[in-house]
Amino acid sequence: MAIVYSIHPETPQKRKVDQVCDALQDGAVLLYPTDTVYAIGCDLNAKSAIERVRKIKQLSSDKPLTFLCSSLSNIASYAYVSDAAYRLIKRLIPGPYTFLLPATKLVPRLVMDPKRKTTGIRVPDHTVCQAVLTTLGNPIISTSATTAFDSQSPAPPSHISKPELFDRFDKLVDLIIDDDSRVGYQVSTMLDLTGEEPILLRKGLGVEAVIGLVGEPEPD
């Protein structure tokens with residue numbers, strides 16, 4: 001059974017955050033709230049934990065994983081950021097945006113797109129996430145937990161309650177963070193910043209703030 005940590009949403013208790021980070025450093029897998037949805041994650045440097053996350057989500061090895069960074073300077077350690085991308089990211093973070101960027105050597109192969117050598121990075125506008133990221137000192141894998149429900153689930157992802165979510169992952173993860181927030185269902189807005197011009201790949205939470213800057217997403 002997973003250990004549930006009740007953490008204050010505005011003033012996270014240091015002792016509990018430290019305990020979560022100690023477990024992550026030891027390879028634990030975490031279910032936690034973000035500024036978009038509840039996510040499944042682990043320390044970016046924990047290979048075995050990343051493999052467990054993939055297994056939980058039933059993701060193939062060529063499916064890239066997004067991870068959270070604490071700041072723009074932190075992003076620069078894991079991705080090559082052009083001047084134009086830097087200016088755009090600076091205007092949008094922290095917030096519900098995923099930036100697709102060329103990966104540096106610090107990004108594990110288990111995480112990046114194996115063909116394009118790119119990676120998806122977010123800087124969340126979420127107090128508990130930021131507390132964990134700052135204390136851990138490493139990025140955290142972040143993949144939606146609500147989309148992990150299979151077709152046999154009694155409720156579609158958009159109607160999953162927190163008790164249902166916690167019950168679903170109780171035996172799959174090691175830790176669960178509960179900060180009294182509701183289960184979110186809107187994914188992040190995704191921007192491809194690998195080229196000369198930014199491309200809106202996915203409309204999600206906060207898209208209104210960028211739609212005028214980058215235009216409409218490419219058609220499928």
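Trainee: Which residues does aspartate 192 touch, leaving out those up to four places away in sequence?
Mentor: Keep in mind that this is a predicted model, where local features need pLDDT of at least 70, side-chain atom pairs count only at pLDDT 80 or more, and totals for chains, interfaces and linings use all residues. Numbering starts from 1 along each chain as its sequence is written, and side-chain values use heavy atoms, with hydrogens and water left out. With contact taken as heavy atoms within 4.5 Å, the partners of aspartate 192 are Leu100, Arg116, Glu197, Pro198, Ile199 and Leu201.

Trainee: Is aspartate 192 buried or exposed?
Mentor: Its relative accessible area is 8%. Buried means under 20%, exposed over 50% and partly exposed in between, using a 1.4 Å probe and protein chains only. So aspartate 192 is buried.

Trainee: How do helix H1 and helix H5 pack?
Mentor: Helices here are DSSP runs of H or I, at least four residues, numbered from the N terminus. H1 covers residues 14–25 and H5 residues 127–136, with axes 9 Å apart at an angle of about 55°. Those axes are lines fitted to C-alpha atoms over the stretch in contact, and angles run from 0 to 180 degrees between N-to-C directions. Under 35 degrees is roughly parallel, over 145 roughly antiparallel, 65 to 115 roughly perpendicular and the rest oblique, so H1 and H5 are oblique.

Trainee: Which residues of H5 does H1 meet?
Mentor: From H1, the residues involved are Val17, Asp18, Cys21, Leu24 and Gln25. On the H5 side, they meet Ala131, Val132, Thr135 and Leu136.

Key: Helix = DSSP H or I, 4+ residues; strand = E, 2+ residues; numbered from the N terminus.
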